[in-house]
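Colleague: Please take me through this structure, one feature at a time.

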Amino acid sequence: MNAVGLIVEYNPFHNGHLHHLQQSKQIAQRDAVIAVMSGNFLQRGEPALLDKWTRTKMALEGGCDVVIELPVAYATSSAEWFAYGAIALLQATGVVDSFCFGTESGQLTPLLQAAKLVSAESPQFKQQLESYLTLGLSYPQAYSSALHQLYDQQSSGDDDHQDEPFRFDLPNHTLGLHYLIAKERLKSTMIPYTITREKAQYHDELPSDLAIASATAIRKLLLEHSSLDVIKPYMPHSTYQLLVEQQQQYIPPMHWESFATPLFHTLAVSSSDHLATHREIEEGLQHRIKYCLRSLPHYTLEQLLSQLKTKRYTRTKLQRALLAILLKHEKQHFQRDQLASGIQYIRVLGFTERGQQLLKQMKKTATIPVIHSPAAVSTPSTYLEHDIAATAAYMLARSPDQPELSLLDYTQPPIRI
């Protein structure tokens, strides 16, 4: 049995995700789905609204057959390493022969062509990237501009080249491109597919459709309203019921302010030199953090991010930097060569009956160990230790009166549906 792979965060699982899942099975002609899902912290440097096991339940009840965890080292990285970790995991299962992602345009060819150009690591592309960074552009802007320049040069004689330039800088195009770059670098044989993202775009903060809304809009509604009725139209009934259960158990939806106390404590007692040892802290950002701390009227994450943001430092970049400090992710553990070889295990978060059959296959086909709990690992790798620590930080902030939950990675078995 072969499966189509999805790369997800499901924060939370909604009708748009359900559409993507169903369309992916149809276009890849596969009955089974394996999802690589971020854990308790996400790619934009934010905590997940709900813990990874609750989101695993949402995924399984929504149609996934196996959910495996993207290690926090990759889940909280830039698009390059987020994509690399996810594609490497899907490839390592030995049972995923295709993967499908959403894009704003539904076009795969321009992304495939660009991925081949970038994966070759041409000196020309690197020079163009550096030149745009020197002009003061943020890294995403500089990357997109350099890519456009290289792509246009390579496509100048192509009759099929579009009159309208392809928007590589759109959020899903960016991620899709990096999935394909990772596929090239890993020499993966998996077949890529894409479907068009419809009715709601990645950053939309307000719903514009009666049944489809972005996860951003849903989170905003959820955090601003005490009643869950406002988000009910935008998600499957199973997701809605899980949110009702969370509310009945007085489990709050998580957001950055939930971590304000431990983060501000760390920022206050750390020297600039110590802050500089963390990943994502570059170009003197440590000094800007210490300076901005002195001018905050109130210690809130929103005010700190507003003070820190500049043309060069995007909000996402700053969130990832602050998250690295919160989770004590030091640069020495996140060098390029370490990340390139760091996928050392497949952590199973949950599965269905059909997923159980896939897992039996994976025991024979997987190129790295498949684990159900860190407790079964005699010598955890550095990245598995980071996962355990991330869960501890998340659960201590969510349920400070239940410190035993900080060890949930050891005690919680995979979810079975």
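Colleague: Where does Arg55 lie?
Modeller: Arg55 is a residue of helix 2; helices here are DSSP runs of H or I with at least four residues, strands are runs of E with at least two, and both are numbered from the N terminus. This is a predicted model, in which local features need pLDDT of at least 70 and side-chain atom pairs count only at pLDDT 80 or more, while totals for chains, interfaces and linings use all residues. Residues are numbered from 1 along each chain as its sequence is written, and side-chain values use heavy atoms, with hydrogens and water left out.

Colleague: Is Arg55 buried or exposed?
Modeller: Arg55 is buried, because its relative accessible area is 0%. The classes are buried under 20%, exposed over 50% and partly exposed in between, with a 1.4 Å probe and protein chains only.

Colleague: What does Arg55 touch?
Modeller: Apart from neighbours within four places in sequence, Arg55 is in contact with Glu9, Tyr10, Asn11, Met37, Ser38, Gly39, Asn40, Leu42, Ala48 and Leu50. Contact means heavy atoms within 4.5 Å. The side chain of Arg55 also reaches the backbone oxygen of Leu50 at 3.2 Å. That is a polar contact, meaning a pair of N or O atoms within 3.5 Å; within protein, one atom must be able to donate a hydrogen and the other to accept it, and residues adjacent in sequence count only if both atoms are side-chain atoms.

Colleague: Which residues of helix 2 and helix 10 meet?
Modeller: Thr54, Lys57, Met58 and Glu61 of helix 2 meet Ser238, Thr239, Leu242, Leu243 and Gln246 of helix 10. The residues of this contact divide into 3 nonpolar, 4 polar and 2 charged. Ala, Val, Leu, Ile, Met, Phe, Trp, Tyr, Cys and Pro count as nonpolar, Asp, Glu, Lys and Arg as charged, and the others, Gly among them, as polar.

Colleague: How are helix 13 and helix 14 oriented to each other?
Modeller: The axes of helix 13 (residues 285-294) and helix 14 (residues 301-308) come within 10 Å and cross at roughly 125 degrees. Helix 13 and helix 14 are therefore oblique to each other. Arg288, Ile289, Cys292 and Leu293 of helix 13 make the contact with Leu304, Gln307 and Leu308 of helix 14. The contact residues comprise 5 nonpolar, 1 polar and 1 charged.

Colleague: And Glu280, where does it lie?
Modeller: Glu280 is in the loop between helix 12 (272-275) and helix 13. Glu280 is buried, given a relative accessible area of 13%. The Glu280 side chain makes a polar contact with the side chain of Lys317 at 2.9 Å. Beyond four places in sequence, Glu280 is in contact with Ser78, Leu285, Lys317, Arg320 and Ala321.

Colleague: Turning to the backbone, which peptide bond is cis?
Modeller: The bond from Asn11 to Pro12 is cis, with omega near 0 degrees. Pro12 is in the loop between strand 1 (3-8) and helix 1 (15-28). Most peptide bonds are trans, and most residues other than glycine have a negative phi.

Colleague: What is phi of Gln29?
Modeller: Phi of Gln29 is near 55 degrees, a positive value in a residue other than glycine. Gln29 is in the loop between helix 1 and strand 2, and Gln29 counts as exposed at 66% relative accessibility. Lys187 has a positive phi of about 55 degrees and is not a glycine. Lys187 lies in the loop between helix 8 (171-185) and strand 5 (191-196), and Lys187 is exposed, with a relative accessible area of 69%.

Conventions:
Axes are lines fitted to C-alpha atoms, for helices over the stretch in contact, and angles run from 0 to 180 degrees between N-to-C directions. Angles under 35 degrees count as roughly parallel, over 145 as roughly antiparallel, 65 to 115 as roughly perpendicular and the rest as oblique.
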